[in-house]
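Let's take a friendly walk through this structure, one region at a time. Have the sequence and the 3D view ready.

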Amino acid sequence: MRISLDAFGGDLGPEVNIRGAQEFLKESSQAEVVLTGPEEKLKKLVGAGSPRLHIIDAPELIPMAEKASANLRHKKDSSLYKCIDLAVQNKTDACVSAGSSAAMMALSLLLMKRIKYVERPALVTPVPTLKEPTYCLDMGANVDCKPIHLLHFALMGHAYAQVIKSIDRPRIGLISNGEEDTKGNELTRETHQLLKSIPEINYSGYCEGRDIFTGEFDVIVCDGFVGNVILKTAEGLGETLMGLLKESFSSSLAGKLGYLLARNSLRPLKKKLDYAEYGGAPLLGIGGISIICHGRSTATAIKNALHAAEKNYKEGLVEKLECAMNFKSLEGTHIKASGDINS
């Protein structure tokens, strides 16, 4: 398979993206990567390269601060546009970028289109827990949501967890401020009733804030405002925890000796808390595989984002999302709840 990579996306420059692609190709013997960006610059950076690392000229660059706007559709010579368009034209099977998240989401939606019934595509991101990571959506694509949108997020999360965790009936939770049916706001209470009416998914009820990191849920659903707060909290908590451990170990001779004894045991913890280990966030609900990476993505993060794109494609993620949106118990639900969203 082939994956297109926006070589000039991200804060750390093309060298990081190229190194991530090269590391990925060492680990994936069947894949190829297509770099998009100014051709002459890329040729100098890549050097002799690899027969499975290709370059497509894209002389224009979209700034990291670029907002989603109608002007993006006219930037066809940009590295980001071409990265996505290659997948749309079936010249690659997936696309990855650490460039402007807003621009990546807007262009992915514009070029790849929505799958049937999906009104709002959603970003899904893993959150570390005491067990396996739990997958949360939406993590920032949609700040204001209706119950039908959260229902769609749950359906897409169901399909995504099947692909990533290989679980037939992943446990789905809905973020709220209590376990009782009467808890939550109008949005969560109405969504709660909708989710209970879909027997094809394993809806396990409300998920309180304290439950996010226990691993009791495979998928957690919320609007993009709450989801982005969860994401930033998890990132900050991880950095704070590692900082406190470092401070404690370096504060005394006994602490330094303790670190020498414990460092091998701490490595799995550090890896679990490092966002780079998870790669990027797939944009679910569109007709293709689009992976949006953190702007500060390292070579390791890019490598893992490419692995995620490869897995999502090989496991048929888009097809599974389409199936999830067409469960028999949903007949009439989409239109009744939000109008004819495909008109």
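Strand E11 (residues 280-284) and E12 run antiparallel and are joined by three bridges. Keep in mind as you look that this is a predicted model.

Look for Cys 95, which stands opposite Ser 290 in E12.

Now follow the side chains of E12 (residues 290-293). In a regular strand, side chains alternate between the two faces of the sheet. Ser 290 and Ile 292 point one way, Ile 291 and Cys 293 point the other way, and all are buried.

Next, the aromatic rings. The count comes to one aromatic pair. The ring centres of Tyr 135 and Tyr 160 lie 5.5 Å apart with their planes at 75 degrees; because an angle over 60 counts as edge-to-face, that is how this pair is classed. The pair links distant parts of the chain, with Tyr 135 in strand E7 (residues 134-137) and Tyr 160 in helix H5 (residues 147-165), 25 residues apart. Both tyrosines, Tyr 135 and Tyr 160, are buried.

Finally, turn to the surface. Phe 225 sits in helix H7 (residues 224-250). Its relative accessible area is 53%, so Phe 225 is exposed, the cut-off being over 50%. Together with Val 143 and Val 229, Phe 225 makes a nonpolar surface patch of about 280 Å².

Technical notes: Residues numbered from 1 in each chain as written. Predicted model: local features only at pLDDT ≥ 70, side-chain atom pairs only at ≥ 80, totals over all residues. Heavy atoms only, no water. Patch = residues over 30% accessible without salt bridge, like charges linked within 9 Å, V, L, I, M, F, W, Y side chains within 5 Å. Areas by Shrake-Rupley, 256 points an atom, 1.4 Å probe, with all protein chains shown as cover. Salt bridge = Lys/Arg side-chain N within 4 Å of Asp/Glu carboxyl O. Helix = DSSP H or I, 4+ residues; strand = E, 2+ residues; numbered from the N terminus. Buried < 20%, exposed > 50% of the residue type's maximum accessible area, 1.4 Å probe, protein only. Pairing = 2+ DSSP bridges. Phe/Tyr/Trp six-rings, centres within 6.5 Å; stacked < 30°, edge-to-face > 60°.
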